[in-house]
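Here are my notes for your first pass through this one. Keep the viewer open and check each point as you read.

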Amino acid sequence: MPDEIRTGTSSAYPIGLVLGLLFFESVLFLLFTTTRLDAWLYLTIHLSLCAMIAGIGFLPGRRFSSGNLHDKAAIGIQISLWAVFAGPFGAVMGLILIWPQRSDAAHDHLGFKDEDESDSDSNLARLDNLHGLMLDRRLRIQNAHCSRSLLDVVFEGTRNDKLEALSLISKRFTPSLVPALRRSLEDRDGSVRVLAATVLAQQHNMHTKRLGALQAKANAAPASADDWTRLGQAHLDYAQSGLLETSRANVELNQARAAFEHVEHTADPDPSARRPT
Amino acid sequence: MTGAAPQSDVCLIVEGGYPYIVGGVASWMDALIRASPGLKFHIIAISIGSQPRVKKFVLPENVVGLTDVILDSCPIGRTASARDAHTISQAVQLIQTVLSGDVGTSFEKLIDLVRQTGFGQSALLDSRAAWTAMERVYKEVLPDGPLIDFFWSWRFLARSLLAIVSAQLPDTRVFHAVSTGYAGLVGAYAKHITKRPYVVTEHGIYTNERRIELSVSEWIYDAGTGGFSIGDSNRPARLSDLWLAAFINFSRVSYALADVITTQYGANQDYQRADGAPEDKFRIIPNGIDVDLYANVRRSTDPRPPTVLMIGRIVPIKDTRTFIVAVSLLKELVPNVSAILIGPEEEDPAYAEGCRALVAQLGLSETVQFLGRVPDVAEYLGRADVIALTSISEAQPIALLEASATGLPAVTTDVGSCRDIIEGFAGDPVVGHGGIVVDACNPKTTAQALATILLDDELRAEMGRVMRERVTHLYNKERITKLYENLYASLADNTQTEAVQGTYQPDPGKTPSSKVRGFADRIRAGRSAVLAPLRPFARFRGDRAGA
């Protein structure tokens with residue numbers, strides 16, 4: 001069932017029901033006060049109406065509920081109490097109050113939940129919310145105090161811990177891990193120093209090989225804005241990798257600038273190529 | 001496997017090197033063989049099927065045989081029957097123990113079982129019983145990992161063990177593995193079968209090198225099932241754990257069955273000890289070079305710019321990139337500096353190309369020269385002012401020793417025994433520094449160290465003198481050759497060893513270790529006692545152990 005149709009039904013249905021009930025109860029009460037209807041008959045019709053409306057609310061509520069017995073009982077008790085204290089209007093009131101829950105249940109049941117979760121904005125908002133809760137100390141991660149930062153491990157860990165940390169750094173390298181890597185280069189243990197140097201050299205080689213390949217490609221096609229943009233981006237990535245000394249990073253930045261300037265002056269601009277901001 | 005060899009004195013066992021691959025250990029082996037023309041050598045070269053077996057060395061005349069052991073090719077063996085299921089399960093259990101927690105006994109049991117049953121690939125890898133047993137190992141070792149990855153890893157490791165325990169052994173007096181790992185396993189296998197003495201020499205520590213490879217490798221798939229916690233003994237196993245455990249246990253087996261464990265410098269022994277090597281087997285025998293040859297290299301007096309020399313393959317482990325960046329920084333301090341790179345580039349052409357591109361990018365095309373291989377390195381040593389070595393990993397680099405013998409000061413990274421060579425060590429008869437040791441991957445300090453030496457003539461001369469003296473005293477090829485010859489002789493013929501434990505100083509009066517004495521006593525007790533275990537093996541009928 002499409003979401004918007006089901007939502008439209010959910011808002012139109014109770015209003016019609018309330019108006020219908022108001023009319024029916026007014027007529028019934030008028031007949032009772034003009035003694036055209038006996039008291040016992042008036043009460044029977046009135047209570048039957050309450051039971052019927054409560055049933056209308058309860059049965060679909062059960063169908064859309066999570067299947068939990070407590071949920072079903074809660075729906076039943078809520079509608080019954082409203083009907084007892086406020087007659088058919090109370091039953092309708094109870095129905096309206098539980099309707100949003102039924103809608104959510106139906107929503108999940110029909111598989112709309114995954115679509116919502118795939119929405120990155122929504123996820124970001126939830127993450128932001130979680131982060132806020134953590135900062136407010138309203139949310140705690142179990143055993144979080146046992147976690148050690150990689151920098152702590154390379155400072156204080158055993159030889160095996162340090163080697164394992166460097167292995168992780170190698171496989172999931174980000175510029176923020178460079179301080180841990182550089183600290184490991186000064187470790188007392190030779191094998192730790194060697195692995196740290198190997199990881200560092202591996203990262204350098206990855207960048208230089210990529211740059212070499214992109215440079216060759218760009219040289220082969222001087223008019224390809226796309227190739228020169230990629231080359232510029234590669235220089236930029238290397239400059240921002242945290243691996244380079246300041247002077248070398250500046251050289252890479254200049255190379256990136258030169259590549260982007262080439263893109264701007266190229267005779268055959270590729271519309272898909274845009275200078276990164 | 002190829003080649004039926006005549007009898008030899010020493011069987012050198014090497015993994016992935018001599019005579020097919022050029023490198024430090026391969027050059028060391030070549031030099032060792034040539035330095036002892038009176039000894040006959042046999043080579044066991046371990047490789048994999050896809051590795052090209054084209055000789056990069058001309059084998060010296062005293063090499064009497066070459067046997068190839070191909071790790072990914074083992075005998076098919078006899079076909080298993082339904083009655084063999086229990087035996088196959090036992091064999092797989094033994095393989096698992098050798099790969100994960102052995103101290104030698106399981107390896108010996110595996111050798112015996114394979115020889116008794118005639119099992120090979122057919123029974124132990126391809127049969128239904130082998131699959132069932134492998135599944136059991138999988139559930140124990142990598143329960144959360146992908147079966148397909150475990151299967152291929154297991155298959156390679158198990159097949160390599162079978163290839164080793166069915167390898168053909170030459171008739172030789174002493175087995176000498178030049179590393180642990182697979183070479184060490186072959187040595188251990190030879191020791192168990194022939195009961196001949198077995199020496200293992202480690203230049204670099206095998207388990208450290210494999211650990212580094214595994215840490216940065218991309219070929220080994222890790223699904224992240226092990227999580228990211230460090231130092232957690234309860235974390236789920238990773239595939240890399242299986243490989244690392246195997247390599248560590250290969251070393252343990254090698255150490256357990258070796259009679260003597262040698263290395264070039266003391267720091268290596270800490271790692272060997274940590275991997276379970278018994279202290280009483282330790283010896284230190286450094287590398288040796290032809291000191292006289294290099295001491296006679298004439299220093300060029302022609303006018304020339306200050307020259308920095310780097311000798312080594314253009315490969316990532318030598319960190320040529322750091323050297324090039326260091327030269328660019330050095331140029332700011334010594335503007336007319338010249339840098340010469342000597343070494344082959346074909347091993348990693350992409351890296352070499354990247355280095356050349358870096359030189360161009362840094363505007364050093366006029367400063368840095370790539371010479372590739374040169375016929376006579378000594379010629380360039382005579383025209384240089386300092387040698388640089390920016391390697392990430394080394395043991396005891398021959399190039400550094402050779403340059404030092406000519407009186408060149410050095411700037412090296414703090415790897416292997418470079419610090420010992422440059423700064424000396426406790427008990428070193430030569431006092432003083434012959435250069436400067438710097439951190440790896442640090443172009444700035446490398447450049448500063450090079451500038452310090454290049455800009456100070458007196459300091460350079462003094463450092464050159466210290467280096468020449470130290471190398472002459474400690475790393476003289478004649479002395480080192482004697483150490484090895486005496487070691488072989490002491491193991492085989494009860495000759496006293498000159499190898500010294502804990503110091504580089506020779507000590508002719510030192511008695512052999514208890515293990516060596518035990519071996520010698522057995523020889524004294526009579527030829528028959530030594531030969532008894534060999535009788536089942538007809539090819540050992542020409543044994544010379546008691547000669």
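Which residues in H13(B) are buried? Keep that in mind for point 1, and remember throughout that this is a predicted model.

1. **Helix H13 of chain B.** Find residues 349-361 of chain B, which form helix H13. The buried ones are Tyr351(B), Ala352(B), Gly354(B), Cys355(B), Leu358(B), Val359(B) and Gln361(B). Here is a handy rule for reading such a list: an α-helix has 3.6 residues a turn, so residues three or four places apart point the same way. The cover over the buried residues of H13(B) comes from both chains: it includes helix H9 (190-220) of chain A, along with H12 and strand S10 (368-372) of chain B.

2. After the helix comes Gly363(B), with a positive phi near 70°.

3. **Where the chains meet.** Now zoom out to the contact between the chains. Here 29 residues of chain B are in contact with 32 residues of chain A. On the chain B side, helices H8 (206-216), H10 (266-274), H12 (320-333), H13 (349-361) and H17 (443-454) each supply at least two residues. H13(B) gives the most, with six residues. Sorted by kind, the chain B side has 17 nonpolar, five polar and seven charged residues.

4. **Chain A on its own.** If you like helices, chain A is your chain: it has eleven of them and zero strands. Chain A has 277 residues, and 27% of these count as buried. Look also at contacts in chain A between residues at least 6 apart in sequence: 56% of them join residues at least 24 apart.

5. **The sheet in chain B.** Chain B has an open sheet of seven strands, in the order S3-S2-S1-S4-S5-S6-S7, and the pairing is parallel. Its edges are S3 (63-70) and S7 (282-284), each of which pairs on one side only. On average, neighbouring strands are turned by 25° against each other, ignoring direction. For a close-up, go to S6 (residues 260-263) of chain B, which runs parallel to S7(B) and is joined to it by three bridges. Ile261(B) stands opposite Phe282(B) in S7(B). H10(B) packs on this sheet, touching S5 (198-202), S6 and S7 of chain B, and its direction makes about 135° with that of S6(B).

6. Val22(B) sits in the loop between strand S1 (8-15) and helix H1 (24-35) of chain B. Is Val22(B) buried or partly exposed? It has 18 C-beta neighbours inside 10 Å, so Val22(B) counts as partly exposed; being buried would take 20 or more. Beyond its neighbours within four places in sequence, Val22(B) is in contact with Lys56(B) and Pro344(B).

Methods: Residues numbered from 1 in each chain as written. Chains lettered and ligands numbered in written order. Predicted model: local features only at pLDDT ≥ 70, side-chain atom pairs only at ≥ 80, totals over all residues. Contact = placed C-beta atoms within 7 Å. Helix = DSSP H or I, 4+ residues; strand = E, 2+ residues; numbered from the N terminus. Nonpolar A, V, L, I, M, F, W, Y, C, P; charged D, E, K, R; others polar. Buried ≥ 20, exposed ≤ 12 C-beta atoms within 10 Å, placed from the backbone. Pairing = 2+ DSSP bridges. Axes fitted to C-alpha atoms, helices over the stretch in contact; angles between N-to-C directions.
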